[in-house]
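User: I would like to go through the helix packing and the pockets of this model. Please take the questions in turn.

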Amino acid sequence: MSDFEARARKVLPPVLGHYTWLSIERGEGSWLVTTDGRRVLDLTCGIAVTAVAKYESSIALAEQLATVTPRGLDTVFFGNSGAEAVEAAIKLSRQTTGREAIIAFRGGFHGRTVGAATLTTSKSQYRRGYGALLPEVYVAPYPYPLACALPDPHDAESCAAHCLAELDAMLEHEVPPEHVAAIVIEPVLGEGGYVAAPASFIRAVRELATKIGALLVFDEIQTGMGRTGAWFAAQKFGVTPDIITAAKALGGGMPLGAVISARERMEKWRTGTHGSTFGGNPVSCAAGLATLQVIRDENLVARAETIGEIMVEELAPLRSHPRLREVRRFGAMVAAEFDEKSVAKAAIAASLERDVLLITCGFHDQVVRFIPALNIGENDLRKGMRSFVEAARSAQVASPA
């Protein structure tokens with residue numbers, strides 16, 4: 001066995017079918033040139049885009065990811081996007097547990113493909129006009145205090161306790177525990193409003209998944225790669241899921257997604273039952289490697305906390321705004337939630353007039369989210385935040401009747 005093959009077998013899952021272990025260095029017309037100088041005539045063309053060989057950059061990226069993921073999550077399946085990663089996680093969970101049901105959480109966003117869209121409930125518009133989607137998907141409440149069903153004023157822990165009780169009721173009345181393949185959760189809601197679940201809730205969901213024999217899947221497509229002040233939010237919560245999905249910052253702007261799990265789990269994923277024509281392509285993986293190295297070299301994981309603190313500090317003068325409900329932060333994910341969409345939209349429009357680009361999130365687009373580059377200059381960041389505060393104060397929106 002070559003060193004190349006040994007490395008690939010260690011960090012890439014056997015679900016990926018292949019014909020050879022050729023280590024391709026370059027192509028010359030229809031000839032493939034291996035790293036040891038062998039010339040091989042390629043008569044397989046497009047169908048063999050990934051089946052002909054593994055690439056050095058995909059193996060190297062998988063190896064490096066294994067050094068920053070939660071302990072034990074050491075094997076990587078590469079795709080092209082976050083939605084693909086979620087689809088793959090669903091298939092991995094169902095096949096390797098022999099179960100079908102998936103539990104997701106209200107407010108989560110997981111993608112726009114059929115399976116991922118079935119799990120997505122941040123807005124109903126993502127399902128509009130598509131009819132029946134994936135069967136056996138159940139939606140539990142997420143601990144979002146400002147949107148919690150509890151009638152009286154309450155804190156995050158009370159909301160979390162209520163949501164756990166509803167989850168228990170779901171398992172009693174709607175889906176038998178032994179049918180559940182996976183519990184899929186964003187540890188911090190992304191499109192749903194930049195809301196971090198209490199650590200107690202995340203720990204309880206981990207305990208529940210273990211108890212009923214289901215896999216715990218963390219969708220870290222928006223939180224991963226240092227955004228939260230840890231490489232992955234799982235590490236900040238001190239909870240290790242069975243599967244992590246990653247994308248967005250993973251490729252540094254190139255199309256790249258990943259499903260990350262333990263070798264033992266990945267070896268149960270039957271060869272040939274999942275794959276991707278362009279997943280793990282050498283260009284995207286090279287971009288991923290470069291991105292990971294910059295995050296390491298510039299200590300950007302730690303800096304995420306610093307820029308998060310700066311953003312909240314600069315938002316302090318806005319706390320007296322009559323339409324502001326809350327400012328919240330988890331690492332470098334910062335949100336300013338207003339009482340309705342029109343206020344948030346007016347604030348970002350006024351910001352753009354001041355040459356600052358921002359976007360909204362939340363069930364009704366009532367939240368302004370701040371997600372700057374982790375290496376943004378402090379002076380630029382402070383200037384942008386101050387411009388937003390000024391813009392939000394100047395934007396006049398009538399209060400609802």
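User: What volume does the largest pocket have?

Analyst: The model is a predicted one. The volume of the largest pocket comes to about 380 Å³.

User: Which residues lie nearest the centre of the largest pocket?

Analyst: The lining of the largest pocket is made up of 20 residues. By class, eleven of the lining residues are nonpolar, five are polar and four are charged. Nearest the centre lie M225, R227, A249, A373 and L374.

User: Which residues of α9 meet α2?

Analyst: The axes of α2 and α9 come within 8 Å and cross at roughly 30°, and α2 passes α9 in a left-handed crossing. On the α2 side, the contact is made by S57, S58, A60, L61, Q64 and L65. The residues of this contact divide into eight nonpolar, four polar and one charged. On the α9 side, the residues are P282, C285, A286, G288, L289, L292 and R296.

User: Helix α2 also packs with α1; how are α1 and α2 oriented to each other?

Analyst: Helix α1 covers residues 3-11 and helix α2 covers residues 56-65, and their axes come within 9 Å. The axes cross at roughly 50°.

User: How many charged residues are in the contact of α1 with α2?

Analyst: From α1, the contact takes in F4, R7, A8 and V11, which meet E56, I59, A60, A62 and E63 in α2. Six residues of this contact are nonpolar and none is polar. The number of charged residues is three.

User: How are α5 and α6 oriented to each other?

Analyst: Helix α5 (residues 156-173) packs with helix α6 (residues 199-212), their axes being 10 Å apart. The angle is about 20°, and angles under 35 degrees count as roughly parallel. Helices α5 and α6 are therefore roughly parallel.

User: What is the handedness of the crossing of α5 and α6, and how many nonpolar residues does their contact have?

Analyst: The crossing of α5 and α6 is right-handed. E157, A160, C163, L164, L167, D168 and L171 in α5 meet S200, F201, A204, V205, L208 and I212 in α6. By class, one residue of this contact is polar and two are charged, and the number of nonpolar residues is ten.

Terms used. Residues are numbered from 1 along each chain as its sequence is written. This is a predicted model: local features need pLDDT of at least 70, side-chain atom pairs count only at pLDDT 80 or more; totals for chains, interfaces and linings use all residues. Side-chain values use heavy atoms; hydrogens and water are left out. Axes are lines fitted to C-alpha atoms, for helices over the stretch in contact, and angles run from 0 to 180 degrees between N-to-C directions. Helices (H or I, at least four residues) and strands (E, at least two) are DSSP runs, numbered from the N terminus. Contact means heavy atoms within 4.5 Å. Ala, Val, Leu, Ile, Met, Phe, Trp, Tyr, Cys and Pro count as nonpolar, Asp, Glu, Lys and Arg as charged, and the others, Gly among them, as polar. On a 1 Å grid over the protein atoms alone, a cavity is a set of points where a 1.4 Å probe fits but cannot get out, and a pocket is an open set with protein on both sides within 12 Å along at least five of seven lines; lining residues have an atom within 4 Å of a point. Grid points are joined across faces, edges and corners, and a volume is the space filled by probe spheres set on the points. Angles under 35 degrees count as roughly parallel, over 145 as roughly antiparallel, 65 to 115 as roughly perpendicular and the rest as oblique. A crossing is left-handed if the near helix is turned anticlockwise from the far one by less than a right angle, and right-handed if clockwise.
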